[in-house]
Amino acid sequence: MLQLRMRKTAIIFVMAVGFLNHTHAQKKYLYQDAKAPVEDRVKDLLSHMTLEEKVRQMDMYRGDFFKEKEDFAKGKSAEKIGKLGIGAIHDLYPRSAKMINDLQTNVIKGNRWGIRH
């Protein structure tokens, strides 16, 4: 049951957010192929991820964990995210594109699969 729920969550995640970062991985994985069927891409990505990485993709974080005043706070972010990535960030109201772009770049570089929140 948990595995099915995780699979459904992953499919929704892939469809809603997208996650390709072609520069992150040297090897070309099926999940990085935008022309491949979504179901196949999800299966491929999940087959490479550890249980801890999968669980982290279902986690949510408060927006204030990632900013100082109105700027992205790399130190605070690294403290919360580590190398496992994140699932979602709630209550983040950036006042600049730079803040959200810096956060997005940090999240992508901060996990080995190039997954964006």
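Reader: Which residues form one aromatic cluster?
Author: Tyr-29, Tyr-31 and Trp-113 do. Keep in mind that this is a predicted model.

Reader: How many aromatic pairs does the structure hold?
Author: Five. One of them is Tyr-29 with Tyr-31, a stacked pair. Their centres are 5.7 Å apart, with 25° between the planes.

Reader: Are Tyr-29 and Tyr-31 buried or exposed?
Author: Both are buried.

Reader: And Tyr-31 with Trp-113, what is the geometry there?
Author: Edge-to-face. The distance is 6.0 Å centre to centre, and the planes make an angle of 80°.

Reader: Where in the chain do the two partners sit?
Author: In distant parts, 82 residues apart. Tyr-31 is in the loop between helix 1 (2-17) and helix 2. Trp-113 lies in the segment after helix 5 (97-109). Trp-113 is buried, as is Tyr-31.

Reader: Switching to Leu-46. Where is it found?
Author: In helix 2, which covers residues 38-48. The C-alpha atoms of Leu-46 and Tyr-31 are separated by 9.1 Å. Along the chain, Leu-46 and Tyr-31 are 15 residues apart.

Reader: Why does Leu-46 count as buried?
Author: Because its relative accessibility is 17%, and buried means under 20%.

Reader: What about Leu-51, buried or exposed?
Author: Exposed, because its relative accessible area is 57% and the cut-off for exposed is over 50%. Leu-51 belongs to helix 3, residues 51-56.

Terms used: Residues numbered from 1 in each chain as written. Predicted model: local features only at pLDDT ≥ 70, side-chain atom pairs only at ≥ 80, totals over all residues. Heavy atoms only, no water. Helix = DSSP H or I, 4+ residues; strand = E, 2+ residues; numbered from the N terminus. Buried < 20%, exposed > 50% of the residue type's maximum accessible area, 1.4 Å probe, protein only. Phe/Tyr/Trp six-rings, centres within 6.5 Å; stacked < 30°, edge-to-face > 60°.
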